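User: I have a structure open and would like to go through it with you. Can we take it piece by piece?
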Amino acid sequence: MSQAFVKESDEQWLHDIQPTLHALIIYLSRENNGIRVYEQKNFIDKNGKEIHVMSNGLSYAKDNDGKWYVV
């Protein structure tokens with residue numbers, strides 16, 4: 001059977017993507033119906049975590065295991 005079709009159960013979750021900004025942008029753009037999501041700014045919070053403010057209105061950071069989460 002062709003791999004061209006992806007079943008809904010094969011969806012990727014935020015915490016499953018690679019811990020790179022490029023992977024985050026690709027994932028968020030795909031979730032945004034193909035409309036590109038980009039980084040508006042980034043900063044280090046008081047706990048030393050790098051926060052990425054994205055054009056979709058949300059901010060993202062990586063946990064201690066390198067997994068993305070919404071701040």
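User: Where is Leu-14 found?
Analyst: Leu-14 sits in the segment before H1. Keep in mind that this is a predicted model.

User: Is Leu-14 buried or exposed?
Analyst: Leu-14 counts as buried, because its relative accessibility is 14% and the cut-off for buried is under 20%.

User: Which residues is Leu-14 in contact with, leaving aside neighbours within four places in sequence?
Analyst: Leu-14 is in contact with Leu-24, Tyr-27, Tyr-60, Trp-68, Tyr-69 and Val-70. Two of those names come back in the helix: Leu-24 and Tyr-27 are among the buried residues of H1.

User: And how far apart are Leu-14 and Lys-67, in sequence and in space?
Analyst: In sequence they are 53 residues apart. In space, the distance from C-alpha to C-alpha is 8.0 Å.

User: What holds paired strands together in general?
Analyst: Strands of a sheet pair through backbone hydrogen bonds, in a parallel or an antiparallel way.

User: How many bridges join E1 to E2?
Analyst: Five bridges join E1 (residues 39-44) to E2 (residues 50-54). To trace them on your screen, start with Glu-39, whose bridge partner in E2 is Met-54. Ile-44 has Glu-50 as its bridge partner.

User: What lies between E1 and E2?
Analyst: The two strands form a hairpin with five residues between them. Gly-48 is in the turn and has a positive phi of about 85°.

User: How many bridges are there between E2 and E3?
Analyst: E2 and E3 pair over two bridges, in the antiparallel sense. His-52 stands opposite Tyr-60 in E3, and Tyr-60 is also one of the contacts of Leu-14. This hairpin has four residues between its strands, and Gly-57 takes a positive phi near 90° there.

User: Is E2 mostly covered or mostly open?
Analyst: E2 is mostly covered, with four of its five residues buried.

User: Which residues of H1 are buried?
Analyst: They are Ala-23, Leu-24, Ile-25, Tyr-27, Leu-28 and Ser-29. These buried residues pack against E2, E3 and E4.

User: Why do residues three or four places apart in an α-helix point the same way?
Analyst: An α-helix has 3.6 residues a turn, so residues with that spacing point the same way.

User: Ser-29 is on that list. What does Ser-29 touch beyond four places in sequence?
Analyst: Ser-29 touches Gly-34, Ile-35, Arg-36 and Val-37. With Val-37 there is also a polar contact: a polar atom of the Ser-29 side chain lies 2.9 Å from the backbone nitrogen of Val-37. Ser-29 counts as buried because its relative accessible area is 11%.

User: What comes after H1?
Analyst: H1 is followed by Asn-33, which lies in the loop between H1 and E1. Phi of Asn-33 is positive, near 55°, and this residue is not a glycine.

User: Is Asn-33 buried or exposed?
Analyst: Asn-33 is exposed, because its relative accessible area is 74% and exposed means over 50%.

User: Last topic, the chain as a whole. What share of the residues in the chain is buried?
Analyst: Buried residues make up 24% of the 71 residues. The accessible surface comes to about 5,500 Å², and 51% of that belongs to carbon and sulfur atoms.

User: And what share of the contacts with a separation of 6 or more comes from residues 24 or more positions apart?
Analyst: Such residues account for 24% of those contacts.

Notes: Residues are numbered from 1 along each chain as its sequence is written. This is a predicted model: local features need pLDDT of at least 70, side-chain atom pairs count only at pLDDT 80 or more; totals for chains, interfaces and linings use all residues. Side-chain values use heavy atoms; hydrogens and water are left out. Two strands pair if DSSP finds at least two bridges between them. Buried means under 20% relative accessible area, exposed over 50%, partly exposed in between (1.4 Å probe, protein chains only). Contact means heavy atoms within 4.5 Å. Accessible areas come from the Shrake-Rupley method with a 1.4 Å probe; for residues, only the protein chains shown count as cover. A polar contact is a pair of N or O atoms within 3.5 Å; within protein, one must be able to donate a hydrogen and the other to accept it, and residues adjacent in sequence count only if both atoms are side-chain atoms.
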